[in-house]
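User: Hi! Could you walk me through this model?
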Amino acid sequence: GYARLAGSGVLVVADSRDQLKAWHGSPAAREEFEGVSTERLFIFHSHTIVPFTTLQGEIQRVGFDLAYASVYKDYRDSLGVLQRKLVRLTKEVGHDHVDVVKTYNSIAVLYKNQGLYVQSLAYFQKCLETKIKTLGRNHVDVASTCKSMGVVLQRQGVFDKAFEYLSKCLEILTQQLGEDHLLTAAAHMSIAMVQHAQGLLPEAMKSYDKSLEIKIRLVGDTHLDVASAYNNIGGVYLDEGDHKKALAFYEKCLEITVRAVGEDHPEVAKTYKNMGLVYWGMEVHETALECYQKDLDITTRAVGEEHMDVAATRMNMGVVYKSQGRYDEALVLYQQSLQTTIRLMGHRHRAVAATYRNIGALYEMKLEFDTALEYHQRDLQNTVFELGRESAEAAQTLYNIAAVYWKKQEWGQVVCLFEEALQIRTQLFGAEDPVTEDTRSWLKQAQAMQEKQLTGALDFEVI
């Protein structure tokens with residue numbers, strides 16, 4: 001059914017996923033709304049009102065199943081549909097058919113969007129193997145899957161393998177399409193992101209600059225792709241601590257994006273978020289909060305309250321309040337962010353682990369050490385579940401727990417935790433890694449404290 005809204009708008013009510021799919025796929029079903037601007041057409045489904053243009057754009061970009069999952073956050077239903085489709089297709093046309101490959105890819109993307117990277121990689125691998133078998137190793141579609149696998153591996157923190165797949169992607173695209181192509185520029189961008197995540201800032205800047213040069217040559221300096229490049233370069237300057245240059249690039253990005261899509265767009269919100277990070281780094285807290293509030297307002301209007309971007313912005317605002325010593329206000333925002341993240345992603349997601357980490361750190365600053373440990377332990381459980389006990393993220397969480405026990409002067413616990421963190425970091429990054437060396441230094445100090453405690457020589461307060 002449908003209802004007329006004030007201002008000649010129309011609200012279409014779709015009771016089920018199948019009804020929504022049938023309605024969207026049938027132009028005849030929409031003839032009764034002829035004369036109604038698509039900007040005034042809204043869809044009500046699954047307790048959510050979504051602009052028709054938003055849903056239509058996502059469907060055109062990724063197909064109905066992935067669009068449905070993205071817009072309505074109904075990953076389980078979409079995954080079930082795709083799994084059943086995969087079984088049917090393999091029986092009807094075999095494992096090597098193009099529709100089977102597309103379904104492998106869609107399932108992989110669904111898992112990726114949920115942060116389930118192991119499962120995502122397994123399906124991308126099936127997709128890659130079938131493409132190589134049917135198209136050859138140097139096909140553009142093979143490059144596309146190599147890029148997808150590189151992105152997932154980067155999110156896992158497996159940077160060497162990510163770089164390997166993305167380099168293969170770039171090699172294929174350069175060979176097949178040439179250097180002056182937007183897909184080649186995107187491959188340079190993806191490599192830059194891996195280098196950036198590794199802290200290889202000069203290398204990342206070089207790759208970002210290469211991507212930017214190609215984009216400007218192809219689409220001019222006022223295109224959204226160029227704005228994206230400015231945004232990423234601003235991120236490098238931010239990580240280098242050059243806040244003025246970072247802000248300059250973010251402002252360039254904002255100017256292009258507003259001109260291209262208007263003020264009320266998620267890309268504009270993202271730029272305000274990044275500007276908030278700069279001002280927070282400069283300790284200009286009130287301006288940072290203003291930027292985050294603009295981000296929150298735009299994002300909420302665009303996607304509603306129940307969205308991960310809203311949760312992330314509330315977390316950022318909480319960080320600013322924490323920096324100001326406004327711990328109770330920060331805690332309210334952290335808890336709001338946590339509840340939204342759990343509702344959307346479930347209890348075991350990495351974003352939930354990150355929120356537990358921030359809440360633990362906040363209670364630590366409030367000197368409520370037992371509560372801090374409770375949240376850090378939850379962080380560790382989620383991190384181990386998703387990434388394993390031998391991951392860099394697990395090592396960092398062990399370090400965080402050790403820091404709380406240090407303040408409690410429980411040296412036996414501190415030593416055990418630092419020993420495990422040191423072992424993980426040494427295996428992953430080597431003995432000469434700066435953070436590994438720092439961990440070794442803290443371990444030695446903790447061992448000395450433990451020895452003094454055991455001999456009764458520890459007669460001073462550790463701060």
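Analyst: Happy to. Helices are DSSP runs of H or I with at least four residues, numbered from the N terminus, and the expected span of a helix is 1.5 Å times one less than its number of residues. This is a predicted model, so local features need pLDDT of at least 70, side-chain atom pairs count only at pLDDT 80 or more, and totals for chains, interfaces and linings use all residues. Residues are numbered from 1 along each chain as its sequence is written, and side-chain values use heavy atoms, with hydrogens and water left out.

User: How far apart are the end C-alpha atoms of helix 5?
Analyst: They are 23 Å apart, which agrees with the 22 Å that its 16 residues (98–113) should span at 1.5 Å a residue. Just after helix 5, Gly115 has a positive phi of about 80 degrees.

User: New topic: how many aromatic pairs are there?
Analyst: The whole structure has 10, counting Phe, Tyr and Trp rings (the six-membered one for Trp) with centres within 6.5 Å; planes under 30 degrees apart are stacked, over 60 edge-to-face and the rest tilted. Tyr237 and Phe249 are stacked, because their centres are 5.6 Å apart and their planes at 25 degrees. Tyr237 lies in helix 11 (residues 224–240) and Phe249 in helix 12 (residues 243–261).

User: Are those two buried or exposed?
Analyst: Both Tyr237 and Phe249 are buried, meaning under 20% relative accessible area with a 1.4 Å probe, protein chains only.

User: And what lies over the face of Phe249?
Analyst: Lys252, at 4.8 Å from the ring centre; the criterion is NZ of Lys or CZ of Arg within 6 Å of the centre and within 35 degrees of the ring normal.

Notes. Helix = DSSP H or I, 4+ residues; strand = E, 2+ residues; numbered from the N terminus. Buried < 20%, exposed > 50% of the residue type's maximum accessible area, 1.4 Å probe, protein only.
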